[in-house]
Number of protein chains: 2
Amino acid sequence: MKEFKVIEVKRSILEDNDADAAALREELKSQGTFLLNLMSSPGAGKTTMLKRLIAMLGEEMKIGVMEADIDSDVDAQAITAAGARAIQLHTGGMCHLDASMTRQGLSEFGTDGLDLVVLENVGNLVCPAEFDTGACKNAMILSVPEGDDKPLKYPLMFSVCDVVLINKMDVLPYFDFDMEKCKEYIHRRNPQAKVIPISAKEGDGFAEWVQWLREEVAAWAG
Amino acid sequence: MKEFKVIEVKRSILEDNDADAAALREELKSQGTFLLNLMSSPGAGKTTMLKRLIAMLGEEMKIGVMEADIDSDVDAQAITAAGARAIQLHTGGMCHLDASMTRQGLSEFGTDGLDLVVLENVGNLVCPAEFDTGACKNAMILSVPEGDDKPLKYPLMFSVCDVVLINKMDVLPYFDFDMEKCKEYIHRRNPQAKVIPISAKEGDGFAEWVQWLREEVAAWAG
């Protein structure tokens, strides 16, 4: 038997996703649950990052992960093995999550008593940026092999994110990736974005990233 | 002055994209122009691959490239510098191209006398797979850093492709990527898919890839 549920989420019948997202944020605020929307390209390292995050924060707060995928449940398996609660959301071919789909996932999950819920969005730099999920903060992972020009090509994604993790720093020597140029492109789109270079494989940068998240979760809980 | 046009393409008002795509393919057949739809995640190496392809095939056939991007024209600049005709299609936030958008691009481009036109689709493994562009064949690039499990997570993309290029073979030693497992996952979705490992940076695998394309272009021209 699987240790996690698989939920088939459906697109909202509500027209006003923004209002729905704002209402969901209010509910999360009253429950004291911090919801982080995590976005990236396919294969940027969302699940590997989360496994290390759970290992570092799992003792001090209760963490749940909602894994959105078109199909398959390999990520929910990995998160469950890492020791956090997880559910798998199947989007049925949808390329993003909206607030209603997020609500369906949270409702099945049951967030009571959870301090931090991470929504691992569909691997896609385009559509997820267009829909407010109701999350308290948006994070994204850009990985070194993808190239430093991605903020120019996917401007909305970089505009909506509070924090950008630059992952796979361990392979930086093997790629033409200019970190200063990348930061400049990100800040051109979003001057407030916090940029943290990390290696989910080796652990570099996690002290800063975990501290950022710790402070956000504490501030949300009030 | 720029050496390439920038076109703002709009979504079709036609409901029946499949019929529109089939009609476009007929027109391309009568003109003897082979249209290749090239898809991948952001940063998998589409433009780098094309630059090498143009260098290898540019003497024996007339090549044009249509670069689809939400914003920016860095790719069209790169292709023009490589010596092929290029236009930039701005999708205005759209996450994919359909047959109507492809037709707008081809019409502005003028395909008369072109043997091969490559449509570099929006970097996205989800939405582009859902829309027939009217292309004669579909190709995709999966890059080693993205991981060998992508065919499990983005099944439709792998189902619709005639050829899958596994790029960035030059960095294989630095990643946990199991080529045999990846091929098995691809063929589980699509037993007919041709899989060619390449390095767009170093040139490995290009003899096989260029030969595949040469034969397809010749067969299409009849």
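In this predicted model, helix α4 of chain B spans residues 99-109 and has A99(B), S100(B), M101(B), T102(B), G105(B), L106(B) and F109(B) as buried residues. These buried side members of α4(B) pack against one helix segment, α1 (17-31), and against the strands β2 (34-40), β3 (63-69), β4 (85-90) and β5 (116-120), which belong to chain B as well. After α4(B) comes G110(B), a residue with a positive phi, near 80 degrees.

Attention now turns to the contact between the chains. Chain A contributes 34 residues to the contact, and chain B contributes 34 residues. Together, chain A and chain B bury about 2500 Å², and carbon and sulfur atoms account for 60% of this area. On the chain A side, P42(A), K153(A) and Y174(A) provide 23% of the area buried against chain B, more than any other three residues.

Polar interactions cross the interface too. The rule identifies 2 salt bridges between chain A and chain B. In one salt bridge, D75(A) pairs with K153(B), and the closest N and O atoms are 2.8 Å apart. Residue pairs in polar contact between chain A and chain B number 6, counted with both residues at pLDDT 80 or more. Among the secondary-structure elements of chain A, α3 (74-82) and α5 (150-153) each supply at least two residues of the side that touches chain B. Of the elements, α5(A) gives the most, with 3 residues. By residue class, the side of chain A that touches chain B is made up of 16 nonpolar, 6 polar and 12 charged residues.

Over all chains, the structure contains 0 disulfides. C127(A) takes part in no disulfide, and its nearest cysteine sulfur, from C95(A), lies 3.4 Å away. C127(A) counts as buried because its relative accessibility is 2%. In chain B, C182(B) is likewise in no disulfide, with the nearest cysteine sulfur, that of C161(B), 13 Å away. C182(B) has a relative accessible area of 0% and is therefore buried.

Note on methods
Residues numbered from 1 in each chain as written. Chains lettered and ligands numbered in written order. Predicted model: local features only at pLDDT ≥ 70, side-chain atom pairs only at ≥ 80, totals over all residues. Heavy atoms only, no water. Contact = heavy atoms within 4.5 Å. Buried area = accessible area lost by both parts, 1.4 Å probe. Salt bridge = Lys/Arg side-chain N within 4 Å of Asp/Glu carboxyl O. Polar contact = N/O pair within 3.5 Å; in protein donor to acceptor, adjacent residues only side chain to side chain. Helix = DSSP H or I, 4+ residues; strand = E, 2+ residues; numbered from the N terminus. Nonpolar A, V, L, I, M, F, W, Y, C, P; charged D, E, K, R; others polar. Buried < 20%, exposed > 50% of the residue type's maximum accessible area, 1.4 Å probe, protein only. Disulfide = S-S within 2.5 Å.
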